[in-house]
Amino acid sequence: MPDSLPWTVRRATPDDYAAVGELTVRAYVDDGHLPAGMPYAAVLADAASRDREGELWVAVEEESGRVLGSVTFAAPGSGYAELAGPHEGEFRMLAVAHAARGRGVGEALVRHCIDRARELGLHGLVMSTQPSMLPAHRVYERLGFVRDPGRDWAPVPGVDLLAYQRAV
C-alpha cells in the first residue's frame, strides 16, 4: 500500500464492520497483546456492537475504500465506557492495519476522539492501554494525555491496564 494515498476519518458503516473486526483482532493478536483464541477476541471482532453501543470511527483510504484503522468512542452512558466519569468521553480498541502504520492514522483517530469529546461538551477524555503498547503510548503523550495511575485496573487476572487522561 503506497504511503502517499490519502485517507479520511468517518463514521463506520455496516459495510465496514467485517474489515474493522478483522483488522482489530489482527492488530491485537499479531502484535502480541492478546493470545489467539482468547474470548476478548470476539469482543474486538464485533464491530456492529461497538457501533451500536458506542461510536465506531474508521480511517479509510479514499481511493480504494480500504479500512486502515478504527477506534470506538464511548460517550457518557455508553456500555463501552469503563473508566470515564460523568463528564468524560473514553476511547477504546484503537487499531491500525500493519500496512498503514507510520502514516498518522492512529494519531488522526485519537485526535478525532478529542474533537468528538469537545463537540459533546465533555471535560475530559480517558483510555486504557496495555503496558506493552509502547508506540501507542508515545502517540497519546504527544497529544497531551498523561498517566492516571489511580485509574489503572485489571479487567481479568493477569491483564493489567494503564490509564491515561487529558482535559478537552
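A residue is called buried here if its relative accessible area is under 20%, exposed if over 50%, and partly exposed in between (1.4 Å probe, protein chains only). Helices (H or I, at least four residues) and strands (E, at least two) are DSSP runs, numbered from the N terminus. The model is a predicted one, so local features need pLDDT of at least 70 and side-chain atom pairs count only at pLDDT 80 or more, while totals for chains, interfaces and linings use all residues. Residues are numbered from 1 along each chain as its sequence is written, and side-chain values use heavy atoms, with hydrogens and water left out.

Five of its six residues are buried, so β5 is largely enclosed by the rest of the structure. Two strands are said to pair if DSSP finds at least two bridges between them. On one count, β5 runs parallel to β4, the two being joined by three bridges, and Glu90 sits opposite Val126 of β5. To get from β4 to β5 the chain passes through α4, and this β-α-β crossover is right-handed (with the strands pointing away from the viewer, the path from the first strand over the helix to the second runs clockwise). Strand β5 also pairs with β8, this time in the antiparallel sense and over six bridges. Val126 turns up again here, with Gln165 as its bridge partner in β8.

Strand β8 has a further partner in β7: these two pair in the antiparallel sense over two bridges. Trp153 stands opposite Leu161 of β8. The hairpin of β7 and β8 has two residues between the strands, and Gly158 in this hairpin takes a positive phi near 90°.

Back in β4, a few residues deserve a look of their own. Met93 lies in this strand and has a positive phi of about 55°, although it is not a glycine. Met93 is also buried, at 3% relative accessibility. The C-alpha atoms of Arg92 and Trp57 are separated by 11 Å, the two residues being 35 apart along the chain. Over in helix α5 there is Val139, which is buried at 17% relative accessibility. Its C-alpha atom is separated by 9.5 Å from that of Gly104, 35 residues apart along the chain.

Next come the aromatic rings. Rings of Phe, Tyr and Trp (its six-membered ring) pair if their centres lie within 6.5 Å; planes under 30 degrees apart count as stacked, over 60 as edge-to-face and the rest as tilted. The structure holds four such aromatic pairs. Along with Tyr140 and Tyr164, Phe91 and Phe145 form one aromatic cluster.

Then there is the empty space. Rolling a probe the size of a water molecule over the atoms shows where such space is left. On a 1 Å grid over the protein atoms alone, a cavity is a set of points where a 1.4 Å probe fits but cannot get out, and a pocket is an open set with protein on both sides within 12 Å along at least five of seven lines; lining residues have an atom within 4 Å of a point. Grid points are joined across faces, edges and corners, and a volume is the space filled by probe spheres set on the points.

The largest pocket has a volume of about 1100 Å³. It is lined by 45 residues, and the closest to its centre are Tyr28, His33, Leu94, Met133 and Tyr140. Elements that each supply at least two lining residues include α1 (17-30), α4 (105-119) and β7 (153-156), while β4 gives the most, with seven. By class, the lining divides into 26 nonpolar, 10 polar and nine charged residues (Ala, Val, Leu, Ile, Met, Phe, Trp, Tyr, Cys and Pro count as nonpolar, Asp, Glu, Lys and Arg as charged, and the others, Gly among them, as polar).

The second largest pocket holds about 190 Å³ of space. Of its 11 lining residues, Ala19, Leu23, Arg26, Val67 and Ala97 are the closest to the centre. Helix α1 gives the most to this lining, with five residues.
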